[in-house]
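Reader: Could you please take me through this structure? I would like to learn the terms along the way.
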Amino acid sequence: MSALDQIVEPGAGALLTVPAGGRLRIVDLHGNQAVDTLFYDAHDIDNRYSAFDTIRAQQAVYLTTGSRLMSTRGDELGIISDDTCGRHDTVGGACSQESNVIRYGGHTRHQHACRQTFLTLGAHAGIGQRQLTHNVNFFMNVPVTPSGELKFDDGLSAPGRYVEVTASRDLLVLISNCPQINNPCNGWNPTPVQLLGWW
C-alpha cells in the first residue's frame with residue numbers, strides 16, 4: 001500500500017516530505033505533461049538541487065534511470081530508480097510570468113506559471129525566492145542543439161509513463177504541474193498527473 005496517492009491538476013502542485021529510502025513516483029496520466037520539480041535536504045533547505053552538479057556527476061545533460069540528483073554542496077539528494085519515459089530535462093528551467101512575457105509576448109503577463117506555484121507552496125517550508133534554484137522538468141523534452149541552443153519540443157512521454165525517485169536522505173520535494181500553454185511542453189493542453197509514494 002502506498003503512503004501517498006494524489007492527483008495534481010495543471011497549475012497546482014505539492015510540497016512533500018519524503019524520508020530517506022522512500023520512493024516517489026510521478027505518473028504522466030495523459031502523456032506530454034511537464035512536471036517541474038525541486039529537491040531540498042529536509043533538514044537544511046539551503047542544501048538544494050543543483051543542475052550543474054548533477055550534469056557534471058553523470059556527464060550527461062538528460063536525466064533517466066540511474067541519474068544521481070546532486071545538491072549544491074555535492075551531496076546526493078536522490079536517485080532516479082525507475083523511469084519508463086527515458087529522458088527528462090534539467091536545463092530548461094521553470095516557467096514564470098517574466099519569462100513568458102520575454103518568450104511569448106505581453107499578453108501572457110497574467111498567465112499562471114510554475115514559479116508562482118513554487119513560491120506559494122514553498123512558503124510553508126520557508127522556501128522563498130532565494131531558495132528557488134534549478135529544477136528538474138520531468139517528462140519535458142528540451143533538446144540541446146549542436147550550437148548549444150535549447151528548443152522546447154513535443155514531449156517523449158505517453159499516457160501512464162512514470163519516473164520514480166528514491167530519496168538518499170530526508171527530502172522536501174516541491175512540485176508544480178506545469179500550466180504552460182505557449183509551447184509544446186504540455187502538448188498545448190496541460191493535464192493532471194498522479195503522485196504515488198512508498199515509505
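Author: Let us begin with a definition: two strands pair if DSSP finds at least two bridges between them. Strands (E, at least two residues) are DSSP runs, numbered from the N terminus. This is a predicted model, in which local features need pLDDT of at least 70, side-chain atom pairs count only at pLDDT 80 or more, and totals for chains, interfaces and linings use all residues. Residues are numbered from 1 along each chain as its sequence is written, and side-chain values use heavy atoms, with hydrogens and water left out.

Reader: How many bridges join strand S3 to strand S11?
Author: There are six bridges between strand S3 (residues 23–28) and strand S11 (residues 193–198), and the two run antiparallel. Within this pair, Arg 23 stands opposite Trp 198 in S11.

Reader: In what order do the six strands of the open sheet come?
Author: The order is S1-S11-S3-S9-S7-S6, with antiparallel pairing. Strand S1 (4–8) and strand S6 (68–70) are the edge strands, each pairing on one side only.

Reader: A new topic: how many disulfides does the structure hold?
Author: It holds zero disulfides; a disulfide is a pair of cysteine sulfur atoms within 2.5 Å.

Reader: Is Cys 178 buried or exposed?
Author: Cys 178 is buried, with a relative accessible area of 3%. Buried means under 20% relative accessible area, exposed over 50%, and partly exposed in between (1.4 Å probe, protein chains only).

Key. Helix = DSSP H or I, 4+ residues; strand = E, 2+ residues; numbered from the N terminus.
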